[in-house]
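I opened the notebook to record what I looked up in this model. The entries follow in the order I made them.

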Amino acid sequence: MRTHGIFGDILCKPLTHDIERHSLLKRVYLELSSGEAREARVSHSEVYGLLWKLRFEGFNTPESAQPFVNAHVLVPEAERLPAPEGQFYFSDFENFDVVDREGKVVGKVLSVQEMPSVNVFNLLIENKEIMAPWIDDCILGIDMGNKRIIVNLEFISS
């Protein structure tokens, strides 16, 4: 979010279900606004209200940490914490089959993203990318075991 203090700390909004997760972070990747990803080692971390305050090795001044403002802090997938019971990570749905009401495979899930009013599935159907809102009228069901989502094609095409 922004630098904080004189030691190059960065305030971060955690997107995790475990606010104490920061203490496990040692090696992370910083995805800069340019799209570049850079490996970084966490030298200090703490909870700061509802935020995390992180410091990275070799970046000990606000000026040196400035390029990391508005970056995303990513952890290797192998170090991702399991989601709580009944919850999922958006990335869990990538490459799921998209099926219609009759069970016919009509496409693939490219990604899921959080939007201001509703989360959306980004789908590839008939070589077209379609954004489908994650609402009951559109997404009729999710079958995690068979890796597929059931969609209302009439809703998407209207």
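In which loop does Lys 147 lie? I found Lys 147 in the loop between β11 (139-143) and β12 (148-151). The model is a predicted one, and I kept that in mind for each entry below.

**Entry: backbone angles**

I looked up phi for Lys 147 and read a value near 55°, which is positive in a residue other than glycine. Most residues other than glycine have a negative phi. Lys 147 has a relative accessibility of 53%, so I noted Lys 147 as exposed, the cut-off being over 50%.

I then turned to Glu 126, where phi is near 50°, again a positive value in a residue other than glycine. Glu 126 sits in the loop between β9 (120-125) and β10 (128-133). Its relative accessible area is 67%, so Glu 126 is exposed as well.

**Entry: the chain as a whole**

I counted secondary structure and got two helices and 12 strands. Going along the sequence, I wrote the order down as β-β-β-β-β-α-β-β-β-β-β-β-β-α.

I checked the overall dimensions next. The radius of gyration of the chain is 19 Å, whereas a compact globule of 158 residues would come out near 15 Å. Along the principal axes, the C-alpha atoms fill a box of roughly 60 × 30 × 25 Å. I noted that 34% of the 158 residues count as buried. For contacts with a separation of 6 or more, I found that 47% are between residues 24 or more positions apart.

**Entry: aromatic rings**

A pair of aromatic rings is described by the distance of the centres and the angle of the planes. I listed the pairs in the chain, and the count is eight. For Phe 56 and Phe 68, I read 5.8 Å between the ring centres and 80° between the planes; the angle is over 60°, so the pair is edge-to-face. This pair links distant parts of the chain, with Phe 56 in strand β5 and Phe 68 in the loop between α1 (62-65) and β6, 12 residues apart. I looked up accessibility for the two and found both Phe 56 and Phe 68 buried.

I took Phe 88 and Phe 93 next: their rings are 5.9 Å centre to centre with 65° between the planes, and this aromatic pair is edge-to-face. Phe 93 has 1% and counts as buried. I followed the ring pairs onward and found that they link Phe 88, Phe 90, Phe 93, Phe 96, Phe 121 and Trp 134 into a cluster.

**Entry: the largest pocket**

I looked up the volume of the largest pocket and noted about 1,500 Å³. The pocket is lined by 41 residues, and those closest to its centre are Leu 15, Thr 16, Val 73, Leu 74 and Tyr 89. I asked which strands supply at least two residues of the lining each. My list has β2 (9-12), β3 (27-31), β5 (51-56), β6 (72-74) and β8 (105-113). Sorted by class, the lining has 25 nonpolar, eight polar and eight charged residues.

Definitions and conventions:
Residues numbered from 1 in each chain as written. Predicted model: local features only at pLDDT ≥ 70, side-chain atom pairs only at ≥ 80, totals over all residues. Heavy atoms only, no water. 1 Å grid on protein atoms, 1.4 Å probe; cavity = no way out; pocket = protein on both sides within 12 Å on 5 of 7 lines; lining within 4 Å. Points joined across faces, edges and corners; volume = space filled by probe spheres on them. Helix = DSSP H or I, 4+ residues; strand = E, 2+ residues; numbered from the N terminus. Nonpolar A, V, L, I, M, F, W, Y, C, P; charged D, E, K, R; others polar. Phe/Tyr/Trp six-rings, centres within 6.5 Å; stacked < 30°, edge-to-face > 60°. Buried < 20%, exposed > 50% of the residue type's maximum accessible area, 1.4 Å probe, protein only. Rg over C-alpha atoms; globule rule 2.2 N^0.38 Å. Contact = heavy atoms within 4.5 Å.
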